[in-house]
Amino acid sequence: MIAVKTNDLSFKYAGSSEWTLREVNLEIREGEFVVLAGKSGCGKSTLLRCFNGLIPHFYEGEMIGRVEVWGLDTREHPPYILSQYAGMVFQNPDNQLFALTVEADIAFALENLSIPRDEIRKRVDQALKIMDIEELRDRSSIELSGGQKQKVAIASILAMHPKILLLDEPTSSLDPFSAKQLIDAIINLNQRYRITILIAEHRLEMLLPYASRIIIIDNGRIILDGNPREIMEKHDVIPYGVSIPRIVKVVMQLKKTLNYPLILGTPLSVDEFASILRRWEDK
Amino acid sequence: MSSILRGLQFYPGKTVIHRLDPRVKLLISLLLMATAAMYIEVTIITIVIVVEALLSTVAKVFSRWARTVYGAAPLIILVFIANFLFKLSMPGQTLSFQSIYESLQLAYRLVAFLASFSIFFLTTTPEELGMALTKMKVPYMYTFAFISAIRFTPILAEELQSIVDAQKSRGLELEKGNIISRLRRYIPILVPLMVNVLRRSYELAEAIEVKCFGAKKNRTYLKELKMTTKDWITLSVSITLFTIAIYIRYFSRITIP
Amino acid sequence: MIIFENVEYIYPNGFKALNRINLEINSGEIVALMGENGAGKTTLLKHLNGLLKPTSGRVLIDGVDTRHSTVASLSRKVGIVFQNAEDMFFSPTIQEEIAFALNNFNFPGNVIKKRVDWALKFMELEEYRMKSPFLLSGGEKKRLAVAIILAWSPDIVALDEPTVGQDVLQKEKMIQIIKQANQQGKTIVISSHDVEFIADLRPRIILMNKGRIVKDGPCEEVLTDIPLLQECRIIPPQIVSLTSKLDFLGFKPKLARPEEVASEIARRVRHLVKYS
């Protein structure tokens with residue numbers, strides 16, 4: 001089942017002389033965990049906003065091509081319909097929560113959609129549970145740490161029961177420890193609750209071991225699209241502003257010096273690497 | 001000035017006053033203010049202020065309430081002087097004990113006004129206030145704007161501090177110079193602050209858009225205000241007392257010192 | 001020379017952010033402050049130019065007690081690039097934005113012009129000289145923030161989380177800038193939780209936890225102390241984690257470049273592998 005797709009998508013912001021997205025063609029299936037990578041300003045954020053109708057309805061500009069979200073043409077449907085399929089979480093923890101308690105923030109979107117009170121209560125409880133933040137229910141969102149705020153932000157979107165979660169650099173203002181916790185929670189959403197994930201990020205070491213797919217964008221075009229392991233193995237991605245995890249660099253070196261023939265593929269996490277070497281040693 | 005602001009801030013509490021329906025509290029404040037407006041006599045105003053003091057004691061916020069009143073002193077003195085000078089400027093008026101007394105009464109009344117609203121704000125959460133506004137059929141857009149303003153004030157205050165820190169670190173000295181140059185020195189503070197507010201508003205607009213703000217005309221609410229027995233009793237008592245006050249003022253011949 | 005003597009700082013709300021801090025940083029050093037959010041790094045940085053003054057103890061910058069100086073006078077010597085430095089712009093052009101501090105510090109007109117030119121060149125912003133700072137991209141804004149501070153050539157440059165939100169190319173550039181500034185004799189103090197970035201820079205590291213300094217030493221020593229890093233809620237650099245898990249190959253946790261690790265692994269594995 002295709003979740004979202006684009007056909008020859010190009011977009012230019014109003015007042016800009018440059019095209020921010022150029023002839024983007026991609027298809028994302030339900031259940032995938034896709035990472036969008038590329039240097040700052042490459043078009044990742046713009047692409048995300050094409051999937052929930054912010055482009056073309058909230059941002060002015062020229063859009064060519066077609067975007068479909070669960071079969072709905074984004075030109076024909078307003079953001080409030082599309083947002084019920086594609087929920088978006090932003091970078092800044094402070095500017096996406098506006099109620100006075102966590103519970104109220106999670107209920108906000110549901111209230112806007114005129115959902116009956118009992119159903120709202122159920123979904124709020126559910127969202128709190130899924131994100132493991134039940135103890136924060138009555139807290140004021142102003143007092144929370146950055147990581148907690150982002151969890152609340154995700155919960156407030158989950159309450160709408162979206163099928164795909166669009167995340168725009170959600171960990172960029174968090175310290176590594178909180179970032180890891182947030183990413184683990186997002187991975188859990190995909191693995192346990194089967195929510196499709198499309199996440200734009202710079203911090204790739206934590207994501208790559210779990211991503212089923214990485215899409216690298218440069219200057220508005222898709223340069224590489226595929227399995228993270230294969231891409232890291234075969235291509236030099238640094239010029240595109242994509243960081244290579246250190247251990248991958250070690251592996252690349254190993255391949256040059258030692259005939260690394262028994263190893264299948266490229267490990268993306270320390271544990272993977274260690275266990276591969278261990279198995280090799282046992283032979 | 002800041003003590004007035006602090007007096008208007010909400011502090012969490014569980015007293016019987018805190019738990020009253022915010023609409024009832026709003027009404028009580030308004031009734032007290034109306035009483036103070038109807039009467040100029042010092043004894044009545046004093047009674048009003050004493051009632052407010054008692055309410056604040058029950059709500060355990062007496063010291064903060066007193067601080068508001070205290071903090072409003074400069075404002076009150078200003079009103080007194082302004083009114084007195086205004087009186088003097090009228091033709092045929094002379095400096096007399098009577099005119100001083102009348103200006104004092106006016107200023108004293110103002111104390112009662114401020115004090116009654118302070119109680120309301122000290123015992124009501126912004127959330128309850130929002131719910132009250134909704135219940136009173138204020139369009140959600142305005143309630144939301146109101147709640148956002150309250151919620152983002154501390155964040156903006158932090159932002160302001162950040163900007164001041166950054167500019168001081170670039171050698172900006174705010175205390176130096178005369179009035180004109182001092183005002184100019186605030187440009188590096190105000191421009192970034194305005195830009196920040198604008199940027200934040202834009203990001204917020206995006207965030208509420210993806211949360212379907214304005215999607216449906218009949219918005220539902222997770223929490224709703226309901227009047228309890230205590231609320232109704234308090235309400236009736238307050239209205240009764242107020243009716244008596246009106247009666248005494250307009251329909252009886254009782255004179256009051 | 002920066003000296004902290006028994007410094008304590010308690011915020012007005014009662015929170016003790018710094019607890020008996022004692023440290024000495026010599027001229028020309030590069031030092032990284034590490035620790036999770038809330039450990040006290042930013043609080044410590046703000047003590048360098050007097051924005052915050054210790055509630056007890058004292059801070060000496062080249063012998064001058066910060067409690068007896070103004071922020072403006074200390075800033076002449078200590079330039080701090082804050083995390084959200086992009087939020088302080090207010091001028092119509094980048095040129096004027098850079099000149100602002102120079103004017104405040106009473107630099108003569110002709111010197112201001114020279115310093116602005118130099119800063120624009122050093123941070124590769126010359127082509128944007130007359131552009132509005134608000135129209136720059138995120139990365140360019142960060143470069144401008146650094147240009148602004150370097151323009152008045154403070155002896156000590158402090159950076160608060162310089163790599164937040166940056167891609168790998170921008171981070172490499174940042175390392176180059178830091179090294180260049182240090183080569184010009186500047187003392188550099190960086191507060192960062194980006195372990196890989198710090199690992200590449202190899203500075204002296206001051207590790208903080210809950211307002212205290214828990215370790216102060218060379219990069220290789222601090223970033224390989226895995227138990228301590230975990231206590232401070234810091235994720236060790238990948239190479240360190242990798243080497244610590246390769247104990248069966250005789251490794252001990254260490255910090256090294258990928259090429260070195262690869263050849264080490266190759267060497268040790270050759271001892272063990274039986275060619276079939």
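This is a predicted model: local features need pLDDT of at least 70, side-chain atom pairs count only at pLDDT 80 or more; totals for chains, interfaces and linings use all residues.

**Stop 1: chain A against chain B**

Colour chain A and chain B separately and look at where they meet. On the chain A side 40 residues are in contact, and they touch 31 residues of chain B. Put together, the two chains bury about 3,300 Å² between them, with 59% of that on carbon and sulfur atoms. Now select N95(A), F98(A) and L100(A): within chain A, these lose the most area to chain B, and together they make up 21% of what that side buries.

For one of the salt bridges, show the side chains of E103(A) and K223(B), which meet at 3.4 Å, N to O. Polar contacts turn up here too: 20 residue pairs across the interface of chain A and chain B, counting pairs with both residues at pLDDT 80 or more.

Which elements of chain A give two or more residues to the side that touches chain B? Select α2 (54-58), α3 (79-82), α4, α5 and α6 (146-158) of chain A and you have them. Of these, α4(A) gives the most, with nine residues. Sorted by class, the side of chain A that touches chain B has 22 nonpolar, 11 polar and seven charged residues.

**Stop 2: a serine in a loop**

Next, select S114(A), which sits in the loop between α4 and α5 (117-130) of chain A. What does S114(A) touch, leaving aside its neighbours within four places in sequence? Its contacts are K216(B), N218(B), R219(B) and T220(B). Zoom in on N218(B): its backbone oxygen lies 2.3 Å from a polar atom of the S114(A) side chain.

**Stop 3: the largest cavity**

A search of the whole structure turns up seven cavities of 30 Å³ or more, and the largest holds about 340 Å³ of space. To find that one, select A104(A), E111(A), E127(B), Y140(B) and I147(B), the closest to its centre of the 21 residues in its lining.

At least two lining residues come from each of α4 (102-112) of chain A and α7 (126-135) and α8 (140-168) of chain B. The largest share, five residues, belongs to α4(A). By class, the lining of the largest cavity has 12 nonpolar, four polar and five charged residues.

**Stop 4: chain C against chain B**

Finally, bring in chain C. Here 20 residues of chain C are in contact with 18 residues of chain B, and the two chains bury about 1,500 Å² between them, 61% of it on carbon and sulfur atoms.

Chain C and chain B share three salt bridges. One to show is E97(C) with R170(B), their side chains meeting at 2.7 Å, N to O. The elements giving two or more residues to this side of chain C are α2 (71-75) and α3 (94-104) of chain C, and α3(C) gives the most, with four residues. By class, the side of chain C that touches chain B has 13 nonpolar, four polar and three charged residues.

Methods:
Residues are numbered from 1 along each chain as its sequence is written. Chains are lettered from A and ligands numbered from 1 in the order in which they are written. Side-chain values use heavy atoms; hydrogens and water are left out. Contact means heavy atoms within 4.5 Å. Buried area is the accessible area (1.4 Å probe) that two parts lose on being put together, summed over both. A salt bridge is a side-chain nitrogen of Lys or Arg within 4 Å of a carboxyl oxygen of Asp or Glu. Ala, Val, Leu, Ile, Met, Phe, Trp, Tyr, Cys and Pro count as nonpolar, Asp, Glu, Lys and Arg as charged, and the others, Gly among them, as polar. On a 1 Å grid over the protein atoms alone, a cavity is a set of points where a 1.4 Å probe fits but cannot get out, and a pocket is an open set with protein on both sides within 12 Å along at least five of seven lines; lining residues have an atom within 4 Å of a point. Grid points are joined across faces, edges and corners, and a volume is the space filled by probe spheres set on the points. A polar contact is a pair of N or O atoms within 3.5 Å; within protein, one must be able to donate a hydrogen and the other to accept it, and residues adjacent in sequence count only if both atoms are side-chain atoms.
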